Amino acid sequence: MDLAIRNGRIVERVDEKKAEVIDASGMLVMPGGVDIHCHIAGAEVNSGRLLRPEDHFRDVEVKTAVTRSGVGYSIPSTFTTGYRYARMGYTTVMNPSMPPLEARHTHEELDDTPMVDKATYPLLGDWWFVLEHLRDGQIEECAAHVAWMMSATKGYAIKIVNPGGLEAWGFGRNVKNLDDSVPYFNVTPREIVRGLCKVNKLLNMPHTIHVHTNNLGKPGNYITALETMKCVEDLAEGKRPVIHITHCQFCAFKGSDWQTMSSGAEEIAKYVNHHDHVTLDMGQVIFTDTTTMTADGPFQYGLYNLTGNKWVNHDVETETSSGIVPFRYKRKSAVHATQWSIGLELALLIKDPWKIYMTTDHPNGGPFTAYPNIIAWLMSRVARKKTLGKISKRARRKSLLPSIDRELSFYEIAVVTRAGQAKALNLTQKGHLGVGADADIAVYGINPEQIDPSKKYKTVRRAFRRAAYTIKDGEIVVKNGQIVKSVFGKTFWVDVKTSLPMEVNDDLKQKFREYWTVEYENYPIPDRFLHFPAPIPVKAEV
Amino acid sequence: MITLSPKHIFKVPVEAECISPDVFAEKSTKEIAMLQIWEGNRKRTIGDFFKIKHGTDSSSEEITIRISGDVGKVRRIGAGMSIGEIIIDGDIGMHLGEEMEGGIITVAGNAGSWVGSMMKNGTIEVKGNAGDYVGAAYRGSTRGMGGGTVIVHGNAGNEVGCFMRGGLIKVYGSVGEFVGIHMRKGTIFVQGNSEGRAGAEMTGGKIVVCGWVPSIVPTFTIDSIRPKVKINEETITGPFYMFFGDLAEDGNGRLYVSQTQNPHLAFYEKYL
């Protein structure tokens, strides 16, 4: 089968005599990879870079004729991030958790991340106005406000991190379950998740709400994850998902403390297998030295207490919090090894690959450059067994992996690494090779019809590490794992058209004056600020 | 023996991690001359800067590099070396023997900062003074010197043994501030004085100061007065005040400070 490309799109046919031809016979051809969740830009990533000079020292990229130099292993500099994604055949990357106040910074960094299309999700789960509207039950007003926020921050989806917990963290507290009240707002995490889920539907947003659950990283939190999924069950219509639980591995812990901590993947997989309203991503852990960074301030404080490592914690005014702690996942640690196991268990026990996507929650579980290793684990029992042999005995005894025979096919890998993610994001031109799709294509130097990935997992891993070709918008950007051309991708943002004019009332302006360090007039990002904006017009129901 | 003599005075810093017995082993004079080094932001070769004299044939085990002349602007000499010996007749720049795994480095003159940073094994001996961060960790890292020995006959700068995890640092002169900061394990011996804040944030290991210290960090607690202290096989006679700390880090490091040189610390004795 031939693929024809013209003007950056896949078309029916082109004139073969005039066209440049790539012979990809005997190779694996996939749409360009899509990453639904990885922290690559913004204030917290940059603070992480400042915090970790030793991370740069270990990993240096030398300048070439087409690429810039760069540094960083778990938090590479922006240009290096783009190059490394392109080398693995990825062409679309989503940056989650942008504090709205830091939107300008985030977009500046995204504009400096070459090779990939990108978008970013503003954090709205602990945003004061959202909390106030939801407390008063004003869903439509809340929707109009979120619509304004999307355009003001040039965001793509509603990100919710530890709903309610981040606001409580401003007072040194946290919320313990979905019905715990947020101090001074008298609203519960359940109301926030449900409210924003309704808002998401009213606005016809392309992606669902993107939720980082309460109690993340605490033993026994799989119950919270299940409750979060259940709490929006009745809002689903048909088979369309309404909630995305991100880096699910971190919220699939069973047990009452770290001693008894075990995997809750089975329960979560069982629920997801029976319900269509939820999608997940793995948040796989890699045994390496990495940097954890989330907007979940209390969680990061807990991590600091656990490791005693250097740390950053920050309260972003009225919006959210954040924290950064360097972290090393060790094979011989029972907890870390169990976490490694949970991620893979989730991906293997959830039958439908369209419901769970491959991520490491870069850099929280490990750097994105480890994706080929995860592909090898997912495709090969032998690869899993080999790593199982090296991990903590206690974790090995408890792991469900030895009992799982499933090995993903190349088709399923294509789903978990691109098609599923593009579908969840509703990026209709990504994640497939049909006519009309963007000509973002990855070609890997293995023959899927001949190779047995179960045995030859090392060959597969190598192939996914260095794409034979990466084509971005119809141009060859990577050849044999080398960048041959540096291009800049677009930045998607959702331009919500509401029938109510999105006028900002005096009350909001007054509050900006009282509570923010930035004046209302300087807050929104103008369209011309982005170098390559790609607004996606959406008609809202309000 | 391979002798390197600088052809001219260095004006800008030179990064020369390839000057190491591991790299030079089994290479001819011509091959050594072609090895790449950086002068500022320009790629150069060893041959551009040094005259190379190859002595009688040497097996890789016994390979010795002698640098005669002033290389005070040359950095990272002996980085990662595991065998052989480097002898430097003059001064040497920063990062000498960084991440060294074995072998011997001897400096007749002074050494820059970061001598033996992150080293794992081997011996470095500096006859003159050393700069700051002897045996320290790379900036931001918590993995300082893990083993081996650094001996400084002159003075050393600030933060000697920062994040040290093992091995021995001996300074026969005085040290600057924060000797043994963040120290986890290992031993630091200072024959001379310390400028203060010795052992701040240490959680383990041993620091011995035979000279004067301005004061002890308040998060240290006095344990006893010891007549002598052992450093590997060597015994140093005191008497010494022995402190435990740093309690702010829940640490269990030991700080020995000479009693006779520090009469102003006598008030600690009432807590014994």
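Modeller: In chain A, strand β21 (residues 475-479) and β22(A) pair in the antiparallel sense over two bridges, where strands are DSSP runs of E of at least two residues, numbered from the N terminus, and two strands pair if DSSP finds at least two bridges between them. Within this pairing, Val478(A) stands opposite Ile483(A) in β22(A). This is a predicted model, in which local features need pLDDT of at least 70 and side-chain atom pairs count only at pLDDT 80 or more, while totals for chains, interfaces and linings use all residues. Residues are numbered from 1 along each chain as its sequence is written, and chains are lettered from A and ligands numbered from 1 in the order in which they are written.

Colleague: Which strands of chain A make up the open sheet, and in what order?

Modeller: Strands of a sheet pair through backbone hydrogen bonds, either parallel or antiparallel. Here the order is β3-β19-β20-β21-β22 (chain A), an open sheet of five strands with antiparallel pairing. Because β3 (28-31) and β22 (482-483) of chain A each have a single partner strand, they stand at the edges, and one side of each is left without a neighbour in the sheet.

Colleague: Is Arg75(B) buried or exposed?

Modeller: A residue is buried if 20 or more other C-beta atoms lie within 10 Å of its own, exposed if 12 or fewer, and partly exposed in between, with C-beta atoms placed from the backbone. Arg75(B), found in strand β7 (residues 74-75) of chain B, is buried because 23 other C-beta atoms lie within 10 Å.

Technical notes. Helix = DSSP H or I, 4+ residues; strand = E, 2+ residues; numbered from the N terminus.
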